[in-house]
Amino acid sequence: LIFGLNGSVNLLLNDWFGFTIPIMDGLIGVTFVESIHYFPFILLNLVASMRNIDGAMEESALNLGARGFRLFRRVIFPLAMPGYLAGAALVFVKVFADLGSPLVLGLTNMLAPRAYLRITSVGIDDPLGYVISVIMIAFSILALWMAARVMKGKDYATLQKGGSSLQRRRLSAWEAVLAYGWIGLILLVTLAPHIGILLMS
């Protein structure tokens with residue numbers, strides 16, 4: 001209702017600029033819906049992981065001259081990687097096996113809908129649905145194994161006894177505008193289904 005071909009966003013774009021964006025069409029639509037739906041899985045894991053980073057490591061990096069994006073890229077993000085990978089593996093498994101979103105958007109040439117339709121329409125005598133299901137299980141196990149393998153022995157982000165977490169920073173004016181603008185945009189997109197339901201009601 002908001003991002004569809006005749007949804008609010010495309011109607012406004014067509015009125016103001018004379019073009020539309022196929023946000024909810026085919027694979028793009030499935031990717032968009034899954035991104036909105038599983039965004040919290042990544043976010044919550046990453047936030048928890050960043051809160052567990054020992055502040056002493058950040059202080060050491062600052063004393064050695066790391067600042068800004070270099071500090072984030074070389075110290076903060078590698079320490080938060082276990083939480084990110086845990087969330088990413090979980091999202092991969094859940095998206096890979098998602099049945100509802102592709103079916104609602106009319107996309108049946110993905111593995112989960114194809115397995116479901118083969119098993120329910122053709123019946124148990126057709127082995128293809130079960131073959132697809134085994135392939136999905138194998139890929140899911142492989143994704144979890146790879147995430148565990150990549151992070152084996154690299155979880156350094158636990159707080160020491162009596163340690164502190166990452167420092168809070170005061171943002172400059174343009175940094176605050178950039179940060180809150182980005183957060184506002186993400187919230188607007190993520191809460192779009194709820195806004196749509198509220199407007200419909």
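How accessible is phenylalanine 92, and does that count as buried, partly exposed or exposed?

Modeller: Happy to. A word on the ground rules: this is a predicted model, in which local features need pLDDT of at least 70 and side-chain atom pairs count only at pLDDT 80 or more, while totals for chains, interfaces and linings use all residues. Residues are numbered from 1 along each chain as its sequence is written, and side-chain values use heavy atoms, with hydrogens and water left out.

Now to your residue. Phenylalanine 92 has 36% relative accessibility, so it counts as partly exposed. The scale behind that label runs as follows: buried is under 20% relative accessible area, exposed is over 50%, and partly exposed is in between, with a 1.4 Å probe and protein chains only. Phenylalanine 92 belongs to helix α4, where helices are DSSP runs of H or I with at least four residues and strands are runs of E with at least two, numbered from the N terminus. Not counting residues up to four places away in sequence, phenylalanine 92 touches Phe139 and Ala143; contact here means heavy atoms within 4.5 Å. Isoleucine 124 is 32 residues away along the chain, and its C-alpha atom is separated from that of phenylalanine 92 by 28 Å.

The axes of α4 and helix α7 (residues 128-150) come within 10 Å and cross at roughly 175°. Such axes are lines fitted to C-alpha atoms, for helices over the stretch in contact, and the angles run from 0 to 180 degrees between N-to-C directions. That angle makes α4 roughly antiparallel to α7. The labels are set this way: under 35 degrees is roughly parallel, over 145 roughly antiparallel, 65 to 115 roughly perpendicular, and the rest oblique. On the α4 side, the contact is made by Leu85, Ala89, Phe92, Val93 and Phe96, and α7 brings Met136, Phe139, Ser140, Ala143, Leu144, Ala147 and Val150. By class, this contact of α4 with α7 has 11 nonpolar, 1 polar and no charged residues. In that count, Ala, Val, Leu, Ile, Met, Phe, Trp, Tyr, Cys and Pro are nonpolar, Asp, Glu, Lys and Arg are charged, and the others, Gly among them, are polar.

Helix α4 has another partner to show you. Helix α3 (residues 55-63) packs with α4 (residues 68-96) at an angle of about 165°, their axes 11 Å apart. That makes α3 roughly antiparallel to α4. Here Met57, Glu58, Ala61 and Leu62 in α3 meet Leu71, Val75, Ile76 and Leu79 in α4. The class count for the contact of α3 with α4 is 7 nonpolar, no polar and 1 charged.

This brings us to the largest nonpolar core, made up of 9 residues: Ile53, Ala61, Leu62, Ala66, Leu71, Val75, Ile76, Leu79 and Ala80. A nonpolar core is a set of buried Ala, Val, Leu, Ile, Met, Phe, Trp, Tyr and Cys residues joined through side-chain atoms within 4.5 Å. The elements giving two or more residues to this core are α3 and α4, and α4 gives the most, with 5 residues. Take isoleucine 76: leaving aside neighbours within four places in sequence, isoleucine 76 is in contact with Met50, Ile53, Glu58, Leu71 and Leu166.

Finally, let's step off the helix. Aspartate 98 lies in the loop between α4 and α5 (100-104). At 17% relative accessibility, aspartate 98 counts as buried. Setting aside neighbours within four places in sequence, aspartate 98 is in contact with Glu34, Tyr38, Ala112 and Pro113.
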